[in-house]
Structure formats: C-alpha cells, structure tokens
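User: I'd like to go through the labels on this model and see what backs each one up. Can you take me through them?

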Amino acid sequence: MAFNLTHQLGALAGTPIKSGEMTAPSAESSLSVSPPSARMPISMNMNYTSNRNVSPPMSPVLGSRRADLSVACKAFAVETVEEQRTYKEGGIGGEKEKGGVPVFVMMPLDSVTMGNTVNRRKAMRASLQALKSAGVEGIMIDVWWGLVEREAPGAYNWGGYNELLEMAKKVGLKVQAVMSFHQCGGNVGDSVTIPLPQWVVEEVDKDPDLAYTDQWGRRNHEYISLGADTLPVLKGRTPVQCYSDFMRAFRDNFKHLLGDTIVEIQVGMGPAGELRYPSYPEQDGTWRFPGIGAFQCYDKYSLSSLKAAAEAYGKPEWGGTGPTDAGHYNNWPEDTQFFKKEDGGWNTEYGEFFLTWYSQMLLDHGERILSSAKSIFQDTGVKISVKVAGIHWHYGTRSHAPELTAGYYNTRFRDGYLPIAQMLARHNAIFNFTCIEMRDHEQPQDALCAPEKLVNQVALATLAAEVPLAGENALPRYDDYAHEQILKASALSFDQNSEGENREMCAFTYLRMNPELFKADNWGKFVGFVKKMGEGRDSDRCREEVEREAEHFVHVTQPLVQEAAVALTH
C-alpha cells in the first residue's frame, strides 16, 4: 500500500532482490503492503488469537534447515533460528490473559506477481519462518482488486493468494488481509504498478467523472470517486456492490482460514487503502510535503450532491462549486484566504457548511462499505478494520488545512476524529492509524508538524467511542529510538485520562518485510522490539531481562548472518 510523507519515506516497498540463484515466476511482480451496531468494550486487546508457548531461546538447529534458510539469506539477507515463543491471548474478540501488543509485519509489494503466483517462493517460505521465530504474530497482505478481478466482472483469480495464505498457515502466522480497492502506483513506496481492474479502467475512460477531480480538472485514478458509490456505473453494478461482491468471493474462497489464520479484514476505503480523499497525490510531482493539498469534489457526481446539500441548507448559491480561494496543492495555510488563521473562510458559515458536507460524504462512504463488510464477515471469527491517514503537517495551525482537504474535519475548534471513531464503533470495527513511530521534534518545525499530538488525539477519540485502536509506522525505521516511540504510543498512556490506564493498542503492523529488515543490526533491534511489545506495559519482567533474551536470539543467528553477508558481497 502506498504511504504519504514524501520528505521522509524513501522506498517503503520491498526492494527488488538481486540474486543469481533466485528466479521470479514473472517479470510483472506485484503486491502492495502497507484498517453494524454493537459497541466494543474499552479494552483494546481483543482481536487476535494466539497459541504460542513461552520457551527459552534455543540454539539453532541448522542441519537440514540451513539450505532453505541460506536461500532466504541470499535473497532477503535474512537470519533466522528455530525458536518458538507464545503469548497467552484470549480468543478473537475476547480478553488476553496478559498484556502485550501483537506485532504483524507488512509483506513486500512483489509478494504476489501479476501472473497470480507467489514470488521467490523459497525465500518467502524461509522469511516467514524467520518472522515466526522472532515472535511475530502475523503478516499483512494486500489482496488487490486490480489483480484478482482483473479480466472481467465477477471473474476472480485468487492464484498466488491461495498459496501465500497456506504458507502463513503452515508456519503458524496470522494474517491481516487488506481488501485493496485502490490502485498501486504513483505514491512514494509504490515500486510496482497495479491499476484498477481493466474493465473498470474502461468505464472510467468512457466517463472521466468516475475519477476524483480537483478544481482545475485534474483527474485522480487511484480510487473510484465516492460520489458514484451508489450509481450502477460499473457494468451495471455500483462501486459499493463491486466491493461487496469481491469481499463475498474472498470469504467463500478462504472460509477454511477465516478466524484461525485470517484474523482481520482491513477494508480499503480510498487511496493507499485509507479512508480519505486523494488530496495529496504525489504522482508527477503534483503534491510535495508539506503542502496543504486540494479538495477533490469536482466530478459531476460529487457536485450533484453538493448542489442538493446547498439547496437543502437554503443557500443554493453555495452548491455550484467548492471553495475557490483554498490555494493550490503546495501552498501553506497562510498563503490562502480560505485556510489562513485570521478571518479564513474555513471558520465562516460557508466554510462550516462546505466542510461538514465534504467530511460527511467520506463518513457515509465508510458507513456503506462497512455495513456490507460486517454482514459478509459476521460469524466468521474475523475482525474488520479501517485505516485512517496520519496527516500531521500543519497540525499546529488553527485550520489544519491538510486534514480538511483529505476529508477530516479537524480544526483547533472541532474534533474531526471522534465522528470517524463513532462510525467505526457502530460497525464493531478497529481504528487503524499511522505515524505511530514519529516524534514531534523530528519533523520540520516551520510546518508545525505534531504527530505525537495527533496520535494522542486519535487515541482519546477511540477511547471515547469505545473502539479498538491499532497502529502502523508510516516509514521504515529500524532504530531503537523509533522502536521506543512505538512502544510508548502502543501503551496508550495519557496523564490526562486515567480511564485509559489499562488500555493498549490491539495490534501493531510493522512496515515492512524487506532486505533492510534482515540486516544483522536491524534484525537484532527488531527482535528486541517484538519481545518488548509482547511483554506489554504491565509486565513484571525487567527490561534488561527481555533485552538479554533478544540478544541471545540474535547471537545464535550469527552463522546465518555471516553467510548472508558473504552472499550479498559476491
């Protein structure tokens, strides 16, 4: 899945592997990796079943496994060892017996090829075993609409997903499956391109207004405009019907894995799989960090909704267009009349009308898809989640312009995340949030970035709405400093809210499995991080004891680390 933040991210995707001993099944490799009425209890440890037994680290039995692991070393620079650990967790939706946040790892972008086969099978198999050995709970896999239903409406090819999910089951890893209804390609980290299904692209070519559109007429093809959600514009089906049929076909094909291996379905809601408008598109350099972005409501279907809303409000003159003084993608708030702090249009009656409509359209989009997802996956034992973007730049301003253009009506005077959390709570869904690893002082201060304050606000909103919170890092970080921030954030400790003292994130997904992760130093830090996350905030074991265990695990993998180093330098 694509991630934002141009200035920070670099390459998020799995770097193409150079190994003379490995042959990919297809040159067109592809896969991305990057979340109705009952409310959830406040406890956040509710989603994942695990039956892992805690046992002391063992020396590696390299023997017959060494050959396979050697392949992984050469392909991914992976070091691993046979070691099994367990956390005693309750059933899905139940309480865990002890604290701790299970760690999932995003899979590489090219894990499944465009030919619907698993890429680099031997390396993949060994790498999954390495993750399991390190105490990782599971993996996150994007299941691409544009890959599975590429050829024709209703013709689903699960190909490589069948094999990959069986691999995960055999190793004992859980799976977060992402229903990816967006395009891969065009954002930072998208090292492969997976367009929407060909037959969908054909319909968009016939009717360009099916694409999100800005005020200058620029079309965005990452995701079908939510303005067309309920219109039969895709070969007789509505976009929401297409998403529903896809999820139903996934359920039927993988019913034997649901609730056991597949423990979570993250439902794609927009670009990069996130519930938002494509307000900061990086393709062709349209947007650069820390620009404010631009509103995306100028397709004819969205404008029709705006016109109706304005007439119902009694101000039909407001229904012809969105704000015309909101600047351009790369402006800063004070460059514009609409977003500036003093007398800005955002803080007028018109601004309140427009932003309420714009954000409500996004919430309604989420409601429609979640209602369908809940009915499809009920009684299967899986949790449903939705991913929300961590838009932290210009957070310190009054208008929060980048959040507004993305559809989050969050300003200094209004909480824009509580309505999202309440919507998710109505559907018993998990609130998945990014930028968990970031600290305020690491970001450009002139852009008033505040990721820590943003995460704090979101966590409090999920507490108020009684909805579980899960997290992801927004960029690849392998240093202890970032790990410590994730540990702190996942504990959800807030001085101003004693009610949240026993809460933790329900899960954390680590970006991502790639060669960098398996380098000796990074791998050592990662193993220690996973162990600390598993200990939980209320662990009675001292930090030094946990770190000693991690160091021992890393020590016994040294033969494979050295072998990998030799292989990578020749």
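User: Why is tyrosine 280 called buried?

Analyst: Tyrosine 280 has a relative accessible area of 4%. Buried means under 20% relative accessible area, exposed over 50%, and partly exposed in between, with a 1.4 Å probe and protein chains only, so tyrosine 280 counts as buried. Before we go on: this is a predicted model, where local features need pLDDT of at least 70 and side-chain atom pairs count only at pLDDT 80 or more, while totals for chains, interfaces and linings use all residues. Residues are numbered from 1 along each chain as its sequence is written, and side-chain values use heavy atoms, leaving out hydrogens and water.

User: What makes tyrosine 280 and tryptophan 287 a tilted pair?

Analyst: Rings of Phe, Tyr and Trp (its six-membered ring) pair if their centres lie within 6.5 Å; planes under 30 degrees apart are stacked, over 60 edge-to-face, and the rest tilted. Here the centres are 5.2 Å apart and the planes sit at 55 degrees, so the pair is tilted. Tryptophan 287 is buried too, with a relative accessible area of 1%.

User: And why are phenylalanine 289 and tryptophan 393 called edge-to-face?

Analyst: Their ring centres are 5.5 Å apart and their planes are at 65 degrees, so that pair is edge-to-face. It links distant parts of the chain, with the two residues 104 apart: phenylalanine 289 is in the loop between β8 (262–267) and α8 (300–313), tryptophan 393 in the loop between β9 (383–388) and α10 (401–406). Helices (H or I, at least four residues) and strands (E, at least two) are DSSP runs, numbered from the N terminus. Both residues are buried.

User: Why is lysine 300 called partly exposed?

Analyst: Its relative accessible area is 45%, so lysine 300 falls in the in-between class. Lysine 300 belongs to helix α8 and touches Asp207 and Asp209, not counting residues up to four places away in sequence; contact means heavy atoms within 4.5 Å.

User: How do you know that aspartate 214 has no salt bridge?

Analyst: A salt bridge needs a side-chain nitrogen of Lys or Arg within 4 Å of a carboxyl oxygen of Asp or Glu. For buried aspartate 214, the nearest side chain of opposite charge is arginine 218, 4.9 Å away. Lys and Arg count as positive, Asp and Glu as negative, with His and the chain ends not counted.

User: Which residue touches aspartate 214?

Analyst: Tyr329 is one of its contacts, along with Phe295, Gln296 and Tyr298, not counting residues up to four places away in sequence.
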